[in-house]
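Here are a few notes to read with the model open beside you. Take the points one at a time and find each residue as you go.

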Amino acid sequence: MSLGLWVLVAAVVAGVALSVLKAWVDGRFRGKNEVDVERVTAAELGAELGERATLLQFSSAFCAPCRVTRRTLAEVEGMVDGVRHVELDAEAHLDLVRRLDILRTPTTLVLDSTGAVVKRASGAPRKPDVIAALAVAIDRQPS
């Protein structure tokens, strides 16, 4: 086999591996370390926090996955009492984007009733994953 063919095969294998990795990571919720808990206030959002939890979505104008995420989070908001969905334009809230280390849109943060970030996902999350992340936030309710 020639060197050019080996390079082509290596490039294809690397491309497939990166695609599989992206598909596996995209939209998955990751937990937050208890030590570095960030809080978001209603004043920063320009909206009230949910009574039990808040689904905070960072979006941008030309983001197709953001529309899918908006529908998913709105459906979950309608299913679970005391949960609020708040969508923010990332460009209009750059200070919050920088503070919360938002690197891409859509990014969804699950906040507990006090505004503490409990879980986060980059990419469009699946409805069962959103519900599971909400369960963690709701279980952390202060007594």
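1. Which helix does R70 lie in? R70 is part of helix α3, with helices (H or I, at least four residues) and strands (E, at least two) taken as DSSP runs, numbered from the N terminus. A word on the source: this is a predicted model, where local features need pLDDT of at least 70, side-chain atom pairs count only at pLDDT 80 or more, and totals for chains, interfaces and linings use all residues. Residues are numbered from 1 along each chain as its sequence is written, and side-chain values use heavy atoms, leaving out hydrogens and water.

2. Now look at strand β2, residues 53-59: seven of its seven residues are buried (under 20% relative accessible area; exposed is over 50%, partly exposed in between, with a 1.4 Å probe and protein chains only). One side carries A53, L55, Q57 and S59, the other T54, L56 and F58, and both faces are covered.

3. On to β2's partners (two strands pair if DSSP finds at least two bridges between them). Strand β3, residues 83-89, runs parallel to β2 and is joined to it by seven bridges; A53 has V83 as its bridge partner there. Strand β4, residues 107-112, is antiparallel to β2, with six bridges, and T108 in β4 stands opposite Q57.

4. Back to R70. R70 counts as partly exposed because its relative accessibility is 34%. Beyond its neighbours within four places in sequence, R70 is in contact with Q57, H85 and E87 (heavy atoms within 4.5 Å). From R70 to V86 is 16 residues in sequence and 9.3 Å in space, C-alpha to C-alpha.
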